[in-house]
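Please look over the sequence and the structure below before reading on. The paragraphs that follow begin with a single residue and then widen to the whole chain.

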Amino acid sequence: LDAAKLAAERLRIAVENQSITLEDGRIIRFTSSIGLTELSLSDHILDEPLKRADLALYHAKNHGRNQFIAFEDIPAA
């Protein structure tokens, strides 16, 4: 998970540093929200980690965007 967090942060920064200048001079900038999780021995089907990563993604979007969140780092409700 630590290596995935480093890769996610590098990707987030790379996306953030991109922009497109339109013909009229307006600039479009990009951000990204990323959800991460670890595979577990208890994951019997791929849907389980995908659901956790999706929950982490929406947590990132709902708590500021332009960040990565690992499911394991989401505070318990």
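R12 counts as buried, with a relative accessibility of 11%, where buried means under 20% relative accessible area, exposed over 50%, and partly exposed in between, computed with a 1.4 Å probe on protein chains only. This is a predicted model, in which local features need pLDDT of at least 70 and side-chain atom pairs count only at pLDDT 80 or more, while totals for chains, interfaces and linings use all residues. Residues are numbered from 1 along each chain as its sequence is written, and side-chain values use heavy atoms, with hydrogens and water left out.

The side chain of R12 meets that of E9 in a salt bridge, at 2.9 Å from N to O; the term stands for a side-chain nitrogen of Lys or Arg within 4 Å of a carboxyl oxygen of Asp or Glu. E9 and R12 lie 3 residues apart in helix 1 (residues 2–16), so about one helical turn separates them. R12 also forms a salt bridge with E16, at 3.4 Å from N to O, and these two residues, 4 apart in helix 1, are likewise separated by about one helical turn. E9 is partly exposed, with a relative accessible area of 27%, and E16 is partly exposed as well, at 34% relative accessibility. Through shared partners, salt bridges join E9, R12 and E16 into one network.

Elsewhere, D43 and R52 form a salt bridge whose closest N and O atoms are 2.8 Å apart, and both D43 and R52 are buried. A search of the whole structure finds 5 salt bridges.

Turning to the chain as a whole, the protein has 2 helices and 4 strands, where helices (H or I, at least four residues) and strands (E, at least two) are DSSP runs numbered from the N terminus. Along the sequence these elements follow the pattern α-β-β-β-α-β. The radius of gyration of the protein chain is 15 Å, well over the 11 Å that the globule rule gives for 77 residues, so the chain is more spread out than a compact globule; the radius is taken over C-alpha atoms, and the rule is 2.2 Å times the number of residues to the power 0.38. The C-alpha trace spans about 55 × 25 × 20 Å along its principal axes.

Buried residues make up 25% of the 77 residues in the protein chain. Among contacts between residues at least 6 apart in sequence, 45% join residues at least 24 apart, a contact meaning heavy atoms within 4.5 Å.
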